[in-house]
Amino acid sequence: GGFAVAVVVGLVQIWIMKELVKLYGGKRKAQLIAMVLTCILPFWFFYHRIALMDGLMTLFISVSFLILTKLAMHIEVRKIKFVPDQHTLIFTVTTGLSFGLAISTKIPALFVSPIFVLIALYPFPTNKFRLSIPKLFWIGVSGVIGCLLFLLLKLNPAFGQLFVRGGNFTY
């Protein structure tokens with residue numbers, strides 16, 4: 001049961017890495033190298049082999065980065081302001097949901113939240129840096145959605161126990 005889920009999560013993780021490299025302009029060879037490296041890296045190999053939650057957390061983080069990058073590119077290319085179109089809303093909500101699932105899987109997923117800001121500042125597609133307030137806004141909204149999804153766990157009586165165990169890694 002658990003091992004089969006870990007294998008599926010690992011395979012999806014490999015595909016997500018390929019899509020991320022492709023999105024950032026990597027050619028077919030770079031995509032294949034990323035897929036192979038993902039398979040042989042010790043983190044991926046050990047955590048997927050023994051079916052720990054770290055692999056699932058990494059998958060949700062990777063999905064959020066993939067969709068977050070698509071959101072940032074979409075805002076830049078379409079010149080979206082504060083009135084969103086349908087794609088902006090879909091990308092924002094799905095990024096937030098995947099980030100919220102990552103945090104809900106393991107608390108240390110919060111440590112990747114600064115990357116949201118870095119992706120917001122990345123100059124898509126021109127490589128000319130310019131601060132885009134709408135891009136920062138929509139990426140911030142996706143982060144808030146993720147945190148709100150995590151805080152829904154507060155309805156569970158065992159919510160406090162998450163921080164007792166998570167404290168081992170976050171201090």
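**Close-ups of a helical chain**

**View A. The side chains of Glu 19 and Lys 22 meet in a salt bridge, 3.6 Å from N to O.** A salt bridge here is a Lys or Arg side-chain nitrogen within 4 Å of an Asp or Glu carboxyl oxygen. Glu 19 and Lys 22 sit about one helical turn from each other, because they are three residues apart in helix α1 (residues 2–23). Helices are DSSP runs of H or I with at least four residues, strands are runs of E with at least two, and both are numbered from the N terminus. One thing to keep in mind: the model is predicted, with local features needing pLDDT of at least 70 and side-chain atom pairs counting only at pLDDT 80 or more, while totals for chains, interfaces and linings use all residues. Residues are numbered from 1 along each chain as its sequence is written, and side-chain values use heavy atoms, with hydrogens and water left out.

**View B. Lys 18 joins in, and Lys 18, Glu 19 and Lys 22 form a network of salt bridges.** The Lys 18–Glu 19 contribution has an N to O distance of 2.9 Å. Buried means under 20% relative accessible area, exposed means over 50%, and partly exposed is anything in between (1.4 Å probe, protein chains only). On that scale Lys 18 is buried at 13%, and Glu 19 is buried at 13% too. Lys 22, on the other hand, is partly exposed at 41%.

**View C. From Lys 18, look across to Ala 30: their C-alpha atoms are 8.4 Å apart.** Along the chain, 12 residues separate the pair. Ala 30 belongs to helix α2 and is partly exposed, with a relative accessibility of 33%.

**View D. Helix α2 has buried residues, namely Gln 31, Ala 34 and Thr 38.** Down the axis of α2, the buried residues fall within an arc of 60° (taken from the directions from the helix axis to the C-beta atoms), so they line one face of the helix. Arg 28, Lys 29 and Ile 40 are exposed on the other side of α2. As for length, the 13 residues of α2 should span 18 Å at 1.5 Å a residue, and the end C-alpha atoms are 19 Å apart, which agrees. That expected span is 1.5 Å times one less than the number of residues.

**View E. Ile 33, Val 36, Leu 37, Ile 40 and Leu 41 make a nonpolar surface patch of about 460 Å².** Patches take residues with over 30% relative accessible area and no salt bridge, joining like charges within 9 Å and nonpolar side chains (Val, Leu, Ile, Met, Phe, Trp, Tyr) within 5 Å. Areas come from the Shrake-Rupley method with a 1.4 Å probe, and for residues only the protein chains shown count as cover. Ile 33 lies in α2, which covers residues 28–40, and is partly exposed at 45%.

**View F. Asp 54 and Lys 106 pair up through a salt bridge of 3.2 Å, N to O.** Asp 54 is in helix α4 (residues 53–78) and Lys 106 is in the loop between α5 (86–105) and α6 (113–121), so the pair ties together parts that are 52 residues apart in sequence. Asp 54 is buried, with a relative accessibility of 12%. The count of salt bridges comes to four.
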